[in-house]
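Open your viewer and keep the sequence panel beside it. We will go stop by stop, selecting as we go.

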Amino acid sequence: MTSTQVISDLASALASGAIEVVDLTAPLGPDTPLIKLPPQIGKNTPTIEIHPISKYDQDGPFWAWNWLKLGEHSGTHFDAPVHWISGKNHPNNTTDTIPVKNFVGPACVIDCSAETASNDDFLLTVDGVKAWEKKHGDIPSGSWVLMRTDWYKRNDSEAKFLNADDKGPHSPGPTAETIHYLIAKGILGWGTECIGTDAGCAGGMDPPFPAHNFLHKNNRYGLASLCQLDKLPPKGAILIVAPLKIVKGTGSPLRALALVPKH
Ligand code: MN
């Protein structure tokens with residue numbers, strides 16, 4: 001099949017609905033949950049603000065438009081390698097320089113929703129990934145690996161989403177070894193439905209925040225606060241996850257989409 005035929009078939013499938021476009025994005029606004037770092041670790045990203053410039057009024061009679069105040073790592077967002085100290089020296093490590101072909105790729109979705117339903121601190125281990133591979137085949141090089149937890153269903157409440165107590169935040173994520181294993185497979189990146197790519201308890205791991213550390217050390221990417229991973233098959237969806245072309249950006253909110261064959 002020629003590539004022209006592939007595009008033509010894709011267009012037909014999109015038009016007929018044989019391939020669906022699934023929105024993996026959380027609403028972006030003043031109520032969007034944001035990470036809360038303890039003050040001894042560092043500053044926090046500000047609450048999102050949306051300010052009108054005009055709304056068909058004396059400030060602009062025929063048009064409405066807003067200006068925004070938001071951090072790069074707000075809502076459903078992309079982590080560029082420059083986000084972490086381990087990735088700061090890579091070439092093309094910022095949102096404006098990453099090769100755009102890396103923003104489109106196949107997705108492997110590892111369903112951890114049963115485990116996370118009873119364990120907020122659940123960690124996906126290498127054995128967990130291998131069990132998935134036994135069922136669905138090897139994780140192909142060049143794919144995005146997404147951890148499904150149904151955590152996005154908490155997205156309407158920052159308290160439930162962050163799930164913190166006096167011991168810190170409780171949310172699922174990968175072990176350090178899992179990220180190592182996936183990088184050795186040649187993945188494009190790793191994504192989760194939680195506030196960041198690491199588990200809530202990852203500040204206490206060795207190294208701290210291993211998903212951030214190892215992904216970006218290897219010039220790979222992260223996706224956080226994804227939604228609706230329960231609408232994706234384990235294999236067979238194509239992800240479209242392009243951050244804004246922010247100059248020297250360390251990350252960016254994005255509209256994460258998946259092309260999914262309708263069954
Ligand atoms: Mn981030």
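A crossing of two helices is left-handed if the near helix is turned anticlockwise from the far one by less than a right angle, and right-handed if clockwise. Helices (H or I, at least four residues) and strands (E, at least two) are DSSP runs, numbered from the N terminus.

This is a predicted model, where local features need pLDDT of at least 70, side-chain atom pairs count only at pLDDT 80 or more, and totals for chains, interfaces and linings use all residues. Residues are numbered from 1 along each chain as its sequence is written, and side-chain values use heavy atoms, with hydrogens and water left out.

**Stop 1: two helices**

Select residues 176–184, helix 5, and residues 210–217, helix 6. Helix 5 passes helix 6 in a right-handed crossing. Their axes lie 9 Å apart, at an angle of about 20°. Axes are lines fitted to C-alpha atoms, for helices over the stretch in contact, and angles run from 0 to 180 degrees between N-to-C directions. Angles under 35 degrees count as roughly parallel, over 145 as roughly antiparallel, 65 to 115 as roughly perpendicular and the rest as oblique. Helix 5 and helix 6 are therefore roughly parallel to each other.

Now show side chains. Contact means heavy atoms within 4.5 Å. From helix 5, A176, I179, H180 and I183 meet P210, A211, F214 and L215 of helix 6.

**Stop 2: a second partner**

Helix 3 brings V126, V129, K130 and E133 to the contact, while helix 5 brings E177, T178, Y181 and L182.

**Stop 3: the manganese ion**

Select the manganese ion, then H73, H77 and D79. Their donor atoms are ND1, NE2 and OD, in that order, 2.1 to 2.3 Å from the ion. Donors are N, O and S atoms within 2.8 Å of the metal (3.2 Å for Na, K and Ca); water is not among the atoms, so sites may look incomplete. Along the chain the spacing reads H-x3-H-x1-D.

Is H73 buried or exposed? H73 is buried, at 18% relative accessible area. Buried means under 20%, exposed over 50%, partly exposed in between (1.4 Å probe, protein chains only). D79 is buried too, at 1%.

**Stop 4: A107**

Finish in strand 5, residues 104–111, and pick A107. A107 is buried, at 2%. Its C-alpha sits 8.7 Å from that of L232, 125 residues away along the chain.
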